[in-house]
Amino acid sequence: MSALKLSYFAWVRERIGRPDETLTPPSDVTNVGELIAWLSGRGEEYAYAFENAKVIRAAIDRQHVKHDAPIAGAREIAFFPPMTGG
Amino acid sequence: MDAQIRVAIQHEDFDVAREIEALTQGRGDVGAVVTFTGLCRDEAGTLEALELEHYPGMAEDEILRVAQQAAQRWPLLGATAIHRYGKVLPGENIVLVIATSPHRRAAFEAAEFIMDYLKTRAPFWKKEHPRDGSIGEWVEAKDVDDSAAERWDV
């Protein structure tokens, strides 16, 4: 797995404490759900952001994806709460 | 029918009359213009402002996708969607959707479809800044918005 840009929005961003970062997940992290689980183990700010993982929405390279989406080849993965625009 | 589609994500306010004119001027085939404008409510006087956060790039892409889907589904002549970001005060505009068509039904339905999908797919989040100076809360998504979008059965 190569370096991956992670972006966070709204309360996910506030809880983690930064808008984005570049990380290299271990090779056994293959999909979005596993990435969330891996991030949750990195510190309490991540555990807090992802405490209710099923409500977290994700996008790979700016397209909505589900948690079972593979992350191979992704350049940017974003995590955010359900959207409240309009 | 090749619809004239315009999507903009901007902090500045928009001018509804000018946006309508951009879809109607110089052509005689438009028989119906439907506009929807979403405004910031004051929540019974308790709200100082809304802060609208968005995901640059993806917000444009998603709204454009929704407008293009509408243009495939209904015989539209034009569709405009403008969404503001940043701080918005009560009474100010947040979002504008315009659909134009030869006939009213397509314009009504397409405008509603674009709004329903924009709410559930476009990456925007609202944070409330209360007037009493307390820490603002992020607005929670409503299940009713998901069901409103699902009824179109895309």
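Author: Before we chat, one definition: helices (H or I, at least four residues) and strands (E, at least two) are DSSP runs, numbered from the N terminus. Residues are numbered from 1 along each chain as its sequence is written, while chains are lettered from A and ligands numbered from 1 in the order in which they are written. This is a predicted model, where local features need pLDDT of at least 70, side-chain atom pairs count only at pLDDT 80 or more, and totals for chains, interfaces and linings use all residues.

Reader: OK, how many helices and strands are there in chain B, and in what pattern along the sequence?

Author: Chain B has four helices and seven strands. Reading along the sequence, you get β-α-β-β-α-β-β-β-α-β-α.

Reader: Why does B:A3 count as buried?

Author: B:A3 is in the segment before β1 (4-10) of chain B. The cut-offs are these: buried means 20 or more other C-beta atoms within 10 Å of a residue's own, exposed means 12 or fewer, and partly exposed is in between, with C-beta atoms placed from the backbone. B:A3 counts as buried because its C-beta neighbours inside 10 Å number 20.

Reader: Which residues is B:A3 in contact with, leaving aside its neighbours within four places in sequence?

Author: Two residues are in contact if their C-beta atoms, placed from the backbone, lie within 7 Å. With those sequence neighbours set aside, the partners of B:A3 are B:A71, B:L76, B:L77, B:G78 and B:A79.

Reader: Where the chains touch, which element of chain B supplies the largest share?

Author: The contact takes 14 residues from chain A and 21 residues from chain B. On the chain B side, α2 (58-73), α3 (104-121) and β7 (124-130) each supply at least two residues. The largest share, five residues, comes from α3(B).

Reader: Over to chain A: how many helices and strands does it have, and what percentage of its residues count as buried?

Author: Chain A has three helices and five strands, running β-α-β-α-α-β-β-β along the sequence. Its C-alpha atoms fill a box of roughly 35 × 30 × 20 Å, taken along the principal axes. Of its 86 residues, the buried share is 29%.

Reader: In what order do the strands of the open sheet in chain A stand, and which are at the edges?

Author: Two strands pair if DSSP finds at least two bridges between them. The five strands of chain A's open sheet have the order β2-β1-β5-β3-β4, with mixed pairing. Each edge strand has a single partner, so one side of it is left without a neighbour in the sheet; these strands are β2 (20-23) and β4 (63-65).
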